Amino acid sequence: MAFATTPKVAKSLQDMFNMDLADEKEATEFYTKAAKAAYEAGDLKTKRLFETIAIDEVGHQNWLELQLSLIERIGEQNYASKCALPVRRKRNKRKPSGLIAL
């Protein structure tokens with residue numbers, strides 16, 4: 001399977017978010033045009049589906065714009081340290097000894 005465009009490697013978080021934002025904007029435009037085409041074809045269910053997907057893509061854009069704003073305000077290093085999740089270790093789940101199963 002081939003990609004429509006060659007994947008790009010981001011050099012930073014900000015670069016990655018900017019590339020993702022461009023992709024989301026492209027997707028929003030695509031689904032908006034698809035909704036319009038479905039409407040013009042009289043296919044209202046498909047129009048609604050594409051509109052729902054387009055709205056979801058706008059939500060992704062908003063989230064990415066927020067992340068970029070945070071990076072701009074606090075810096076990429078601080079953003080990365082605040083957004084990193086702690087690693088959870090598995091607990092050893094031992095069965096209690098001395099119990100008899102009924």
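1. The largest pocket of this predicted model is lined by Thr-5, Thr-6, Pro-7 and Lys-8, together with Met-19, Ala-22, Asp-23 and Glu-26.

2. As to the overall make-up, the secondary structure of the chain consists of three helices and zero strands, so that, under the definition of helices and strands as DSSP runs, the elements read α-α-α from the N terminus on.

3. The pair formed by helix α2, which covers residues 44-74, and helix α3, which covers residues 76-83, deserves a separate point: their axes come within 7 Å and cross at roughly 120 degrees. The two helices are therefore oblique to each other, because an angle of 65 to 115 degrees would count as roughly perpendicular and one over 145 as roughly antiparallel.

4. On the side of α2, the contact is made by Gln-67, Leu-70, Ile-71 and Ile-74, while α3 contributes Glu-76, Asn-78 and Tyr-79. Sorted by class, the residues of this contact of α2 with α3 comprise four nonpolar, two polar and one charged.

5. Two totals for the chain complete the note. Of its 102 residues, 16% count as buried; and among contacts between residues at least 6 apart in sequence, 62% join residues at least 24 apart.

Notes: Residues numbered from 1 in each chain as written. Predicted model: local features only at pLDDT ≥ 70, side-chain atom pairs only at ≥ 80, totals over all residues. Heavy atoms only, no water. Axes fitted to C-alpha atoms, helices over the stretch in contact; angles between N-to-C directions. Helix = DSSP H or I, 4+ residues; strand = E, 2+ residues; numbered from the N terminus. Parallel < 35°, antiparallel > 145°, perpendicular 65-115°, else oblique. Contact = heavy atoms within 4.5 Å. Nonpolar A, V, L, I, M, F, W, Y, C, P; charged D, E, K, R; others polar. 1 Å grid on protein atoms, 1.4 Å probe; cavity = no way out; pocket = protein on both sides within 12 Å on 5 of 7 lines; lining within 4 Å. Buried < 20%, exposed > 50% of the residue type's maximum accessible area, 1.4 Å probe, protein only.
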